[in-house]
Amino acid sequence: MADPMRIRAQVAGDKATVRVLMAHDMETGTRKDGAGKIIPAWFIQEVTVTHNGKTVLTAEWGPGVSKNPFLQLVVKGAKIGDKIGVTWKDNKGGTRSDEATTS
Amino acid sequence: MRMTKALSMIALACLASTSAWAQKTDIQKIEEYRAMLADGNPADLFEAKGEGLWKQKRGPKNASLEQCDLGKGPGVVKGVFIELPRYFADTKRVQDMESRLLTCMETLQGFNAAEIAKTPFGKGEQNNVTALAAFISAESKGMKFNLPQAHQEEKTFYEVGKRLFFQRAGSHDFSCASCHKDEKLRIRLQDLPKLTSNPGDGIGFAAWPAYRVSNGQLWTMQLRLNDCYRQQRFPYPGFASDATVALGVYLGVNAKGAVSTAPTIKR
Amino acid sequence: MKKQFKITLSVLAAAALVAGCATGPSSADLDKLTASIVKASFRDQGIVKAAILDTDETNRACSAADVAGKPLDEKTAKALEAVNLKAVKWPTSGKFLGDWKAGEKIAQSGRGRTWTDSATAANGGNCYNCHAIDKKEISFGTIGPSLYNYGKLRGVTDPNSAAAKPIVEYTWGKLWNAKAYNACSNMPRAGHTGVLTESQIADIMALLLDPKSPVNQ
Amino acid sequence: MQSRRQALKKTAIVTGLLASTGLFPGLAFAFSKDGFEAKTIQDAIKALGAGALVASKDVVLTAPDIAENGAVVPFAASTTLPGVKRLLILVEKNPAPLVALFNVSDSVEPAFTTRGKMGQSSDVYAVAIMADGRALFAKKEVKVTLGGCGG
């Protein structure tokens, strides 16, 4: 299974700034390995962010997003102790969900 | 100095004010880029993984590493990184963080240290050593390097490391000193820290392990030295070999007083 | 690893015996210990053989001077420079300058002779790693002096002229074997060690000295 | 003290499961394959069903002037305009320009930061696709340099 994400969610006023790091190779499908063989494309395609269980953002990514992707967004109407969930799904069907509490 | 002769043969007029100014703004632009990346360092991902591995029962002996002695007694993680490499009485060797982690993985968990040392970077248990190193180094963030030099072996390794630092060889006659003996030098756009004295907080020895944005890998000092030697056109230094540890002692002792910011983010 | 440690100890023990006190090993003992540690630590990988660390007198003398923190004495330096100058191979065709466009490509490339390089791919000159050259390239190093306007500043308007001959020859010699003019120069001996071919060096010569090269604009 | 890992409280829920429980109300979430495979910015915008590109000072792209390495280039896209449906980040000279697409909801600010790859120096676009189908953009040239020893 994929390694855990790091999610930091900090509340200021009624908004939470959410920063997410995801562990993923984000292979473009154009790189070659040591033996000259093409490394198949392997990248996160869909990202979903939830706030106390409700979906607040869906994003679609291509292989142009950097390895070990970073995402930052601002969730409205948030307070300390809220739950921020992040789920990603890659083009090979791999997926990972993590959750953090806002502070 | 003999250098000055060669220098004087090559006129310096091209360092005219206009190009120097343009250069400065380019450097500022690069600084901006680096600042943009500082928040959200993927090294965090490795740290989290390493902390999990430290506590997880693994290996043939199904044990965690929580009893590992990294220099300040079994289980102490905080503040050990800034005193490594150091001499260990049980192995009767000077060891750096990676070398010592191998010892603990062998004695506590039953892994074969020599096998792991032979495993290429980025494969199998090597990945776990890297993650553990990220975790251990992070536990000394903000602390100043202060390698012990009381034991004779530690002093000897410093002297050996110094000789390795100045060793010119290979197809390009390079030594570590070719790039790292003076201040304010650059290779391409990369600042080169002077490593014969403390280059400053979070610079040089005090900046590794680091996440490399160019390849998305976390590099420990072992991997940093390995790739320096590759670019230096030297043959391959064994993982946790005495040469790499001695060089670590030389760089670490020179960095005395530098604040560790590891794991950092680098080009 | 165990074996290596024994080497360390035995050399140290011998050192202690010789010294007969607790002041630690002598400088010569440390040199010996370093040599044994180097031998035990480095191995062949790809095209790089461990034997390459058995280097020549020039490197040995300069490394020792660096460790001591003192430059080579004048006499030793002159002698080493003479040896290196004698080893310079001048262009067999008599043609010092090639194509500056090809030279720029070689100057840009930092490839070649590492254990991840292939033996057959063309080596790069690593020039921009240390020098500013074409003003358009902002990614340049500062370990060596800027080479922008290299030919122009030296008044080279016709590299084939008699007036230009001394600087043309010096530049060739410097590229071929930098240690011919400065025994402990940081610069690789590109021709001497076979990193660059004669025609590659001619192309870099053109980059530096051809009045049409962007370097001299 | 709470450890980093505990703080994550990993849940390891499969998205498929989430979807089947109806936790994605009203969000048709099919990957925009055509948009991401398009070879030009114009084709990508067209594949996403938006109109012609129009420059707008109300769309903001934050990106460095120079990227020390093309493997990781920080990008932020935002807009102050009401009625924005999607925010896109595109790199003109990448083989496939569309890097990322964010579906804006009322619960988030229309401002997102991520990091993308650039094969070479290029114009980078932030595009806001509005509810009425307009595609408003801001662009900036980002120079990619070669760092390190080049080996």
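Two bridges join E5(A) to strand E7 (residues 111-116) of chain D, and the two strands run antiparallel. Within this pairing, A:Leu71 has D:Thr114 of E7(D) as its bridge partner. The model described here is predicted.

## The sheet that spans chains A and D

The pairing of E5(A) with E7(D) belongs to an open sheet of six strands, whose order is E1(A)-E2(A)-E5(A)-E7(D)-E4(D)-E2(D), with antiparallel pairing. At the edges stand E1 of chain A and strand E2 (59-62) of chain D, each of which pairs on one side only. From one strand to the next, the twist averages 15°.

Chain B also takes part in the surroundings of this sheet: helix H3 (residues 43-55) of chain B packs on the sheet and touches E1 and strand E2 (15-21) of chain A. The direction of helix H3 of chain B makes about 115° with that of E1(A).

## The interface of chain A and chain D

Contact between these chains involves 44 residues of chain A and 41 residues of chain D. The area buried between chain A and chain D is about 3600 Å², and carbon and sulfur atoms give 53% of that area. On the side of chain A, the three residues A:Thr58, A:Glu60 and A:Phe70 supply 20% of the area that chain A buries against chain D, more than any other three residues.

Two salt bridges are counted between chain A and chain D. In one salt bridge, the side chain of A:Glu60 meets that of D:Arg86 at 3.9 Å, N to O. By class, the side of chain A that touches chain D has 18 nonpolar, 14 polar and 12 charged residues.

## The interface of chain B and chain C

This contact takes 57 residues from chain B and 72 residues from chain C. About 6200 Å² is buried between the two chains, of which carbon and sulfur atoms give 59%. Five salt bridges are counted between chain B and chain C. A salt bridge links the side chains of B:Arg188 and C:Glu137, at 3.9 Å from N to O. There are also 25 residue pairs in polar contact across the interface of chain B and chain C, with both residues at pLDDT 80 or more.

The elements that give two or more residues to the side of chain B that touches chain C include helix H1 (3-9), helix H2 (17-38), helix H7 (152-165) and strand E7 (236-237) of chain B. The largest share of this side, nine residues, comes from H7(B). The side of chain B that touches chain C divides into 27 nonpolar, 12 polar and 18 charged residues.

In general, strands of a sheet pair through backbone hydrogen bonds, either parallel or antiparallel.

Notes
Residues numbered from 1 in each chain as written. Chains lettered and ligands numbered in written order. Predicted model: local features only at pLDDT ≥ 70, side-chain atom pairs only at ≥ 80, totals over all residues. Heavy atoms only, no water. Contact = heavy atoms within 4.5 Å. Buried area = accessible area lost by both parts, 1.4 Å probe. Salt bridge = Lys/Arg side-chain N within 4 Å of Asp/Glu carboxyl O. Polar contact = N/O pair within 3.5 Å; in protein donor to acceptor, adjacent residues only side chain to side chain. Helix = DSSP H or I, 4+ residues; strand = E, 2+ residues; numbered from the N terminus. Nonpolar A, V, L, I, M, F, W, Y, C, P; charged D, E, K, R; others polar. Pairing = 2+ DSSP bridges. Axes fitted to C-alpha atoms, helices over the stretch in contact; angles between N-to-C directions.
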